[in-house]
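Take a look at one helix first, then at what surrounds it. The sequence and the model follow.

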Amino acid sequence: MSSDRRALPGDPRVRELVRQAQGISRRRFLSGVAGAAGTGALLAACGTAGPTQAGDGGAVRGPLRWANWTLYLDQDEEGTGFPTLAAFEESSGIPVEYFEDIEDNDSFYGKVSRQLENGQDIGYDVVTLTDWMAARWIRQEYVAQLDRARIPNAANILPNLEAVDFDDGRHYSLTWQSGFAGIAWDTHAIPGGLRSVSDLWDPQYKGRVEVLSEMRDTIGLIMLQNGMDPAADWSTDDWFDALDVVQRNLADGQIRQVRGNSYTNDLETGDAVACFAWSGDITTLNYENDGRFAFAIPDAGGMLWSDNLMVPKASPRRAQAEELFNYYYDPEVAAQVAAWVNYVTPVQGAQEAMARTDPELADDPMIFPTEELLSQVHVFRTLTPAEEERYNGQFLEAIGA
């Protein structure tokens, strides 16, 4: 497929969606409502027709089951529905059960690892895991190989995401979203803002600071503060120097809790006023809380990560999952998701699609990062299986997980 084809919406029904969506306000677009007809009705045009057949021939009964993180798919104004997903169900005839069941990679893996080892259905047909955990599942042969012929829109993936070291050529995974780990704060409690990781250790915030249970994000941010690049060939001593910072601040009560996605709840309630955070979460929270929170890449640098769509090997619904993947790799649909979740979309053409409905959002570097922003963030280097077991284990032990 040519690069021109990748960059443009090829389905005339998608182009019609763009035409109908012109003039939608940013606020209404972000809330998932596209005029009186509703986004679900408009986006139904983006789907494909007819129920999908199972990979070996027969139709598979039952819904497609998708495990994802919270605040990671466009929602309606009531927060009870997902417009693009509803449109997919309507147009494809494939029912989907959507679960916000991933709190962090380790706890989710612990939940399903026994079934994975035994080759059993884990209760999900689509999982959305961060690069390093995706690498583990691929290495351990827990995921199904994708039939790329069924996912023609996969050609829209950004070139730098096609050739990843854990799945070169993307035979087993496709990026869902990418994002940044940095620092966030409640502007009501901290009107002067924060600039560095070390600012979180100010005694005035004692007991109201949280860090992430994702080891690579928390340790990576602290490594950067310590002057060490987590993407480089750091030593065991460098890693333990960063872990010591976590342990010390946990022991003296500076850190209230080590949290997965639920840190956002603590920010909203005021139990936490400063934390390590993921970029899109804070933008989403601000639309629900009148801009109360701020997010920044620390002066020393931030972390860059990606989450990936995959199909567990024992799933009986790989073909339906591939149809879902193809749908979300349409630039128009990808733009709609990005407008709500505010993470970095992996789909070429999404920025052009966004510009037609919300030019301001199309210039948002948190969704379409500039080279300057990318120069400030780092990807935690790939660990060997032995390193992963050691460092993950030590981190989980230190935080009491």
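On one side of helix α18, Ala386, Glu389 and Glu397 are exposed (over 50% relative accessible area; buried is under 20%, partly exposed in between, with a 1.4 Å probe and protein chains only). Helices (H or I, at least four residues) and strands (E, at least two) are DSSP runs numbered from the N terminus. This is a predicted model, in which local features need pLDDT of at least 70, side-chain atom pairs count only at pLDDT 80 or more, and totals for chains, interfaces and linings use all residues. Residues are numbered from 1 along each chain as its sequence is written, and side-chain values use heavy atoms, without hydrogens and water.

Glu388, Tyr391, Asn392, Phe395 and Ile399 of α18 are buried. They cover an arc of only 100° around the axis (taken from the directions from the helix axis to the C-beta atoms), which puts them on the same side of α18. The buried residues pack against several elements, including α7 (131–139) and α9 (215–225). Just after α18, Gly400 takes a positive phi of about 75°.

Phe395 is also among the contacts (heavy atoms within 4.5 Å) of Ile219, as are Trp239 and Phe380, leaving aside neighbours within four places in sequence.

Glu388 forms a salt bridge (a side-chain nitrogen of Lys or Arg within 4 Å of a carboxyl oxygen of Asp or Glu) with Arg136, the closest N and O atoms being 2.6 Å apart. Because Arg136 lies in α7 and Glu388 in α18, this pair ties together parts that are 252 residues apart in sequence. Both Arg136 and Glu388 are buried.
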